[in-house]
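I opened this notebook to record what I looked up in one structure, entry by entry.

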Amino acid sequence: RLVMLTRPIATVTLTALLWMGCSTTNVQSLSNGPPPPSPQFVGFDLGTSGVRVSVIQKQKQQHHPETTADGTTELQEVYSRAIPWKDGAFDDPNVWIESVESLLQDAKQALPNQSLERIQSICVSGTSATCLLVNGKNVGKPSRTQARMYNYDVIASAAGNSNNNDPIHGVRAMEQIRSFAPKQHTALSATGSLAKLLSWHDEQPLQPGERLCHQADYVALRLMSQDKVCGKAPKDNERFVCSDWHNCLKLGYNVQDLEWPTWLQDCLTSVGLDWESVLPQTVVSPGEVMGVVSPDVARRLGLNQGTIVVGGTTDSNAAFLAATAQDEVLPGTAVVSLGSTLAIKQVSTTYVENANVGVYSHRYPSSLLKKSGQEEEEESQEAWLVGGASNAGCAVLRQEQFSVEELQELSSDIDPTKESSLDYYPLTRTGERFPVADSNLQPLLEPQPDSRKDYLHGILQGISTVECNGFRAMAELGANPPQPQRIWTCGGGANNDVWTQMRQRRLREAFPRDNTHHHDDEELLHVSKAQNVEASYGAAILASAPF
């Protein structure tokens with residue numbers, strides 16, 4: 001079984017202390033004296049509206065329901081704060097760094113002893129496929145003004161851009177990718193980082209030393225980078241990009257063989273790009289050690305010089321780690337987001353990908369996988385986060401003018417054990433992407449009953465049907481196990497207890513267990529609200545992984 005456990009803390013704490021300059025004698029004296037204060041770990045999430053920080057630490061617990069599988073420690077969030085982007089500059093890399101440093105200073109004032117000395121490691125989560133170009137020969141500073149965000153479409157966004165970017169650059173970039181990438185590959189997206197890299201190069205050829213850098217990569221790079229020193233040899237001011245499995249997926253990285261594939265190398269070479277220079281030099285597992293903060297950064301922010309920076313992740317994957325933090329993560333563990341749209345992520349022992357229906361797999365962080373039982377001595381298994389997102393979701397409730405008060409009142413009158421006779425497909429606009437790819441699929445919200453309660457019942461049931469079909473679609477594509485084993489829910493819909501009961505009943509009916517009537521209740525499929533879904537908390541969990 002794959003369970004969420006961290007490596008033995010004593011082993012890596014010794015390593016960390018040695019990195020920080022402690023002698024083995026000092027380490028030994030610590031072990032003979034009173035236990036040192038709990039180490040702390042920091043996670044940042046750079047989102048669409050601002051940035052959030054979470055500081056967590058390991059707490060000793062006795063017989064606590066939220067302890068990790070060994071029953072001895074749990075991760076406790078001791079500080080969290082979010083700030084909006086300065087002047088709304090969400091695509092300004094300088095603002096990213098200013099915000100991260102500002103939150104660290106805020107944390108310093110709020111934590112005990114007004115110190116960051118207990119912080120052992122830092123992890124950064126960013127929005128998927130948000131990237132920029134940096135000058136590797138000039139300490140990794142941005143080489144072009146703005147980053148291109150997660151939703152920047154190299155064709156559509158360029159056409160509507162005030163900078164008068166010609167969409168032909170994006171058209172040529174996509175033609176280039178289609179000429180080399182395998183069919184159904186995740187990189188075949190006009191919003192992916194590979195499309196952005198090629199369109200940048202088509203607009204103005206990359207200069208020697210220009211390198212692609214994702215949002216999380218850039219913050220990590222700045223944390224580990226010394227300030228530029230005039231008069232030094234050029235190599236002393238050169239910086240290389242280190243990235244992670246999750247951020248590099250849409251760049252074309254082969255997350256199965258853990259390498260830059262031949263087709264990608266050929267694609268970049270054909271347009272005159274040196275792939276070894278342009279792509280991240282190193283790609284690690286999220287949570288794997290990349291390096292330590294630079295002496296300049298440590299001095300300026302009050303961090304220990306041995307503070308580790310680990311491989312980052314994307315916001316949705318960090319949210320998954322946050323949502324599942326209080327439980328064992330086994331194959332079949334899933335998180336369903338019930339926001340404006342419905343999104344599903346499930347742990348699978350098999351890799352699944354189909355671009356037609358927007359299903360792709362992120363490799364589960366190796367630092368959070370551990371064997372149990374007789375498998376302990378065998379090689380580590382692979383695990384995957386298989387994800388898909390529908391266009392159906394809670395946005396339809398706003399469209400149909402259900403207020404929060406009305407939702408609460410009407411939901412309390414709905415019997416979650418009863419089926420509605422209404423068979424809706426609750427889209428807000430034409431077109432669906434998952435669990436079926438049909439650009440012409442029409443919203444179905446007819447017939448509309450006289451009772452608003454019955455109407456709401458039908459809509460909630462319709463979204464539940466999409467959820468069930470989503471899990472079926474992933475199973476048909478090869479997800480293993482072929483049915484969810486445990487579901488955590490986040491998003492606004494997670495607050496509706498009646499809907500949760502309805503979804504649990506319908507999911508149990510859709511995915512019956514063998515001899516279910518003989519099983520104890522704890523062995524049945526359970527649907528629950530996640531206690532913490534902040535991506536910064538998930539990033540902090542990754543920061544703690546080496547310890």
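This is a predicted model: local features need pLDDT of at least 70, side-chain atom pairs count only at pLDDT 80 or more; totals for chains, interfaces and linings use all residues.

Entry 1, a serine in a loop. I began with Ser367, which is buried at a relative accessible area of 6%, where buried means under 20% relative accessible area, exposed over 50%, and partly exposed in between (1.4 Å probe, protein chains only). Ser367 sits in the loop between β15 (360–363) and β16 (384–389), helices (H or I, at least four residues) and strands (E, at least two) being DSSP runs numbered from the N terminus. I then found that the side chain of Ser367 reaches the backbone oxygen of Pro286 at 3.1 Å; a polar contact is a pair of N or O atoms within 3.5 Å, where within protein one must be able to donate a hydrogen and the other to accept it, and residues adjacent in sequence count only if both atoms are side-chain atoms.

Residues are numbered from 1 along each chain as its sequence is written, and side-chain values use heavy atoms, with hydrogens and water left out.

I checked the length of α3 (residues 93–110): at 1.5 Å a residue its 18 residues should span 26 Å, and the end C-alpha atoms are 26 Å apart, which agrees; the expected span is 1.5 Å times one less than the number of residues. The buried residues of α3 include Trp96, Ile97, Glu101 and Leu104.

I counted a salt bridge where a side-chain nitrogen of Lys or Arg lies within 4 Å of a carboxyl oxygen of Asp or Glu, and the structure holds 17 of them. Glu101 forms one with Arg300, the closest N and O atoms being 2.7 Å apart. Since Glu101 lies in helix α3 and Arg300 in helix α11 (residues 295–301), the pair ties together parts 199 residues apart in sequence. Glu101 counts as buried at 18% relative accessibility, whereas Arg300 is partly exposed at 43%. Glu98 and Lys86 also meet through their side chains in a salt bridge (3.9 Å, N to O); Glu98 is in α3 and Lys86 in the loop between β3 (73–84) and α3, so this pair joins parts 12 residues apart in sequence.

I found the side chains of Arg52 and Glu534 in a salt bridge (3.3 Å, N to O), a pair that links distant parts of the chain, with Arg52 in strand β2 (residues 50–60) and Glu534 in the loop between β18 (526–529) and α17 (535–544), 482 residues apart. Glu419, Arg505, Arg506 and Glu509 are linked in a network of salt bridges.

I traced an open sheet of 3 strands, in the order β6-β5-β7 with antiparallel pairing, where two strands pair if DSSP finds at least two bridges between them. Because β6 (141–142) and β7 (210–214) stand at the edges with a single partner strand each, one side of each is left without a neighbour in the sheet. Strand β5 (residues 131–135) pairs with β6 over 2 bridges in the antiparallel sense, and Val134 stands opposite Pro142 in β6.
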